[in-house]
Amino acid sequence: MSGTSEGPTPAADLDRSAVTDSDQSTYRRVFAAAPLAMAVVDAAGIVTGANSAFGELLGTDPESFPGRVAADLVDLASDARTWHAYREVLRGRQARLRCTRRLKHPDGRSLWVQVTVAPLADGGPGVLLSVTDISARRELQARLRHLQMHDPVTRLANRTLFFERLTAALEAESYEQSGTGRIGLCYLDLDGFKAVNDTLGHRVGDRLLAAVAERLNRVADEAGYARAATPLVARLGGDEFALLVEDSTGTEQLADLAESALKALEAPFDLAGQRLSLTASIGVVERHAAGTTATGLMQAADTTLYWAKADGKARWTLFDPERNAHLMTRQALSSTLRPAIERGEFALDYQPLVGMEDGRLSGVEALIRWHHPQFGTLTPNRFIGLAEEDGSIVQLGRWALITACRQARRWQLDHPDEPPIFVSVNVAVRQVWDSDLVADVAEVLAETGLAPHLLQLELTESAVMGSAGRPLQALQALSDMGVRIAIDDFGTGYSNLAYLSRLPVSVLKLDGSFVRGFQYEGEKKTIAPNPADEVIVEAMIQLAHRLGLTVTAECVETSAQATRLRRIGCDTGQGWLYSRPVPPDRISELLGEQTYAVGNP
C-alpha cells in the first residue's frame, strides 16, 4: 500500500533547516553592515528592505524604504530604454542592468551614482539593487575631458571639441526635430601673426592669442544674446579660430558675426607694455545642414578664407559656389593635363591669315583645343596658364609644333600648284627656358620636310621685350635658321619700339583691342569709337615698316575695319571677317577652291 509517511522528520532534514536559518541570519547581518548601498526589491518593483549605506547615500532613514517603488528612488523610469531593461530583469528575462544616474540629494547637491540591478544570489523572487557613488570619478573625468577638449593658451574649445560639436550638429536627429536646419561657420585667420612670433617671441604671441580669444568670446556672447544658442568659439591651431553657429538663420546672420569679429579686432592690443595692432581674414560659409559633411564644410571655409587673403586681407568673404566650381575645375584640369597629352585629347584648329591687299590666304595660326571628356572642348585660355605653371607646356608645345608642321607640309603636298602657306605656332617663354627650342624646331623641320620660312613662331610682347641671355640667343638662332619670329598681342605690354630694332623679329601682331576702337564708316556703331586707336595703329605700322617688319591685325570683324587697316598700310588681317578657327580639312577646301579671303565667320 502506498501513502505519505506522517512520521517524525528525518535527522538530515533537521540539519539542513538549521543551516539555512543560520545562513539567512548571516546574510542579513552582512547586508545590514555592508558599505555598499543595497536594497532588496520584489518582483513587482517594491522595496522590501534596504541597508544603512543605502539610507546614508540617499539621505533618508533606511526604515522608510520598504513599500516604496524602487524605480522612483534611483530614477529608472526617466528613459524608455532603461525602464524596459529594468522590467525585464524583474521578470527574470534579463540577467543584469547597469546604468548611471544623476540624483538630487536632500541637502541640495547633485549626486552621480552607478545603479546595478541583478537577481538575488539564492535564486529567490525579486532582485538586489545596489548603488555606488561615482561623483568623484565623474568630476575627475569631467576635468580630464575639459583639459582634452580645450586649448591651454586661450581656454577656448580646441580642434577636437570643435569637430565633435560640428559632427553632432550635422547629424539628422539634431536638426530635424527642431531649429532652422541650417549651419554657419566663420573661419578666421590672423593676418601677419607669424611676424609677431618671429620678432617679439612666442610668449607675447601667446598673450596676443589669448587677448584675441577674449574679444571673440565677447562677440559670440553678444551674438547669442536673445538667441537660442551662443556661437561656439574655438581655436583650431596656430592663429586660426572658428565661430560655429548651429541653427543659423541665414547668410545675413553670419555676415553680421564676421563683421563684428573684424571690428572687435580693430582696436590695438596692450600686452605688458607692447602695443600691437592686427587684422584678420575670415571665410564665411552658411548652408543647409542636410547633405553637408564636416569635411565638406571645412573645405569650403578654408577655400573662402584663402579668397579673403587673396582679395587683400582684413576682410570677410562669403563662399561662392560658382567661384568654387571654377577653382575645382582648375584643379581637375591641372591634375589631368599631362595624361591628356598622352591620351591624345588635344587637337589643332587653324585660323586664316589673309593679305590685306590681295585677299589671298598667306598663312594660318595653329590654335590648340582640349577635347576634355568631362568639360567638353576647352580653348587655350582655360589651360595654357596651368600648363605653364606645372611645366607640361614644354611637352604640349612640342606636340603642337610637330602637329602643325606636319599639317602645313601635308597641305603643301596636297596642293602643289598653289603657293605654300606658312603655319604660325604659339610658343611660351617656359619652352625657351626649360627646353632646347632651337634643337626641337630643327628636328621637327627635318622630320616633316617643311621649309623654315613656312614656320612662324609667336611669342607675347611681354615675353620678348627685354629678353636677354638664353631667350635672345634662341630667338636669334631660330631667325638665322630662316624661321619667322612674330610678337603676339603687340601694344599691350612694354611697347619698347627702340629695343624692338635689336630683336630678330619679322612680324608684329597688333592686339585686337586697337582694331575694335576704329571708327566705322557706313556701319552701325555697336562700340564707341576711339579716334586715338587709329592714330596709334597707323604710327605703329609706319614705324614697323621702317624697321623692316610686317604687321598683322588681329580681331578684324567687319569690312569697315578691313578697309581702314588696308588704307593705313596693314599687311595681314586675321579675324572672324575671314574665318573662325576651323579644322584642317576646311583649310584644305579653301586651298582647293582658291577662295582665300572668305567671309564665313
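Colleague: What makes G201, V204, G205, L208 and L276 contacts of V196?

Modeller: This is a predicted model, to begin with. Contact means heavy atoms within 4.5 Å, and V196 meets that with G201, V204, G205, L208 and L276, once neighbours within four places in sequence are set aside.

Colleague: How far is V196 from L278 in sequence and in space?

Modeller: They are 82 residues apart along the chain, and their C-alpha atoms are 9.6 Å apart.

Colleague: What makes the pairing of T448 with V444 a polar contact?

Modeller: The limit for a pair of N or O atoms is 3.5 Å. A polar atom of the T448 side chain lies 2.8 Å from the backbone oxygen of V444, so that pair is inside the limit. The T448 side chain also reaches the backbone nitrogen of L450, at 3.4 Å, and 3.4 Å is within 3.5 Å too.

Colleague: Which residues does T448 touch beyond four places in sequence?

Modeller: Those are I402, C405, R406 and R409.

Colleague: What makes a group of residues a nonpolar core here?

Modeller: They have to be buried residues of the nonpolar kinds listed for it, such as Val and Leu, joined through side-chain atoms within 4.5 Å. The largest such core has 77 residues, and V423, L455, L457 and L565 touch the most other members. Helix α14, residues 393-414, gives the most to this core, with ten residues. Apart from it there is another core, of 32 residues, including L156, F193, L216 and L262.

Colleague: Why would such side chains gather like that?

Modeller: In soluble globular proteins, nonpolar side chains tend to be buried together.

Colleague: Which residues does V423 touch, beyond four places in sequence?

Modeller: Among them are Y350, V364, A366, A404, A408 and L455.

Colleague: And how much of the whole chain counts as buried?

Modeller: Of its 601 residues, 44% do. The chain has 23 helices and 21 strands.

Conventions
Residues numbered from 1 in each chain as written. Predicted model: local features only at pLDDT ≥ 70, side-chain atom pairs only at ≥ 80, totals over all residues. Heavy atoms only, no water. Polar contact = N/O pair within 3.5 Å; in protein donor to acceptor, adjacent residues only side chain to side chain. Helix = DSSP H or I, 4+ residues; strand = E, 2+ residues; numbered from the N terminus. Buried < 20%, exposed > 50% of the residue type's maximum accessible area, 1.4 Å probe, protein only.
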